Amino acid sequence: MAKYSRIEVATTMKENGMIPLFFHSDIALSKKVLKACYDGGSRLMEFTSRGDFAFEVFGALNKYALAELPGMILGVGSVTDAAAASLYMQLGANFIVTPVLREDIAIACNRRKVLWSPGCGTLTEIAKAEELGCEIVKLFPADTYGPDFIKGIKGPSPWTSIMPTGGVFPTEESLSSWLNAGATCVGLGSQLISKEILDKNDFEGLKNKVSEVLEIIKKIRK
């Protein structure tokens with residue numbers, strides 16, 4: 001079961017301001033990626049469920065985090081149905097991220113008091129997600145909507161917390177545009193954990209990149 005409550009997870013998301021997204025089928029490599037993000041200062045990781053036997057990789061990663069990386073909060077993304085959400089929660093997932101809004105996933109997660117973040121693209125979807133108990137909404141694909149979409153949503157719905165994912169870059173310009181528009185946090189995938197980094201096993205470079213992004217976020221928020 002989840003080690004961290006949904007309130008603890010939501011608070012950490014807001015405080016960190018950035019969630020790395022990652023999938024790889026190799027468990028040993030995945031542990032190194034997780035450790036590099038942790039050493040860089042991140043206390044969150046969204047493991048994207050996109051490959052065969054992904055649940056086995058996540059289970060190994062979560063056991064590793066619990067044993068070796070105190071305070072690291074692992075969740076799972078790209079979850080498409082309640083059965084998958086339940087499986088990952090059995091493996092200790094601390095949050096569930098989905099590409100779409102599904103009530104069955106909301107019910108499964110709420111029953112266990114696990115944070116869930118659905119992909120939404122309209123104010124109607126966002127309002128429905130919040131009615132179902134959502135703390136932080138995922139805006140996906142974010143580059144289709146842009147920062148002005150968040151500004152528009154925050155007008156009639158200032159209480160809404162939004163996490164743009166897809167189209168966010170680990171640069172001061174990109175992060176400023178999203179955070180200053182009102183984003184609570186951002187999701188960063190291949191722009192942060194690039195194929196080049198993985199091919200070169202440049203985990204020191206990844207650690208430094210994560211640290212740099214977190215410092216940029218702190219600077220923007222001052």
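This is a predicted model: local features need pLDDT of at least 70, side-chain atom pairs count only at pLDDT 80 or more; totals for chains, interfaces and linings use all residues.
View 1. P141 sits in the loop between β6 (137–139) and α7 (142–145). Helices here are DSSP runs of H or I with at least four residues, strands are runs of E with at least two, and both are numbered from the N terminus.

**View 2. S78 has a positive phi without being a glycine.** Its phi is about 60°. Look for S78 in the loop between β3 (73–77) and α4 (82–90). S78 counts as buried because its relative accessibility is 19%; the cut-offs are under 20% relative accessible area for buried, over 50% for exposed, and partly exposed in between, with a 1.4 Å probe and protein chains only.

**View 3. K113 is a non-glycine with positive phi too.** Here phi is about 55°, and the residue belongs to the loop between α5 (103–111) and β5 (115–120). K113 is exposed, with a relative accessible area of 59%.

**View 4. F53, F55, L87 and L91 make a nonpolar surface patch.** The patch covers about 350 Å². To join a patch, a residue needs over 30% relative accessible area and no salt bridge; nonpolar side chains (Val, Leu, Ile, Met, Phe, Trp, Tyr) are joined within 5 Å, like charges within 9 Å. The areas come from the Shrake-Rupley method with a 1.4 Å probe, and for residues only the protein chains shown count as cover. F53, at 55% relative accessible area, is exposed and is found in the loop between β2 (44–48) and α3 (54–68).

**View 5. T160 is a buried threonine with polar partners, E130 among them.** Its relative accessibility is 0%, and its place is the loop between α8 (147–154) and β7 (162–164). The T160 side chain makes polar contacts with the side chains of E130, at 2.8 Å, and S157, at 2.4 Å. A polar contact is a pair of N or O atoms within 3.5 Å; within protein, one must be able to donate a hydrogen and the other to accept it, and residues adjacent in sequence count only if both atoms are side-chain atoms. Leaving aside residues up to four places away in sequence, T160 touches I126, E130, I153 and K154, contact being heavy atoms within 4.5 Å.

**View 6. Salt bridges D39–K35 and K218–E215.** Side chains of opposite charge can pair when their charged atoms come close. A salt bridge is a side-chain nitrogen of Lys or Arg within 4 Å of a carboxyl oxygen of Asp or Glu, and the count is seven. D39 and K35 meet at 2.7 Å, N to O, and both lie in helix α2 (residues 27–39), four residues apart, about one turn of the helix. For K218 and E215, the closest N and O atoms are 3.7 Å apart; both belong to helix α11 (residues 203–221), three residues apart.

Notes
Residues are numbered from 1 along each chain as its sequence is written. Side-chain values use heavy atoms; hydrogens and water are left out.
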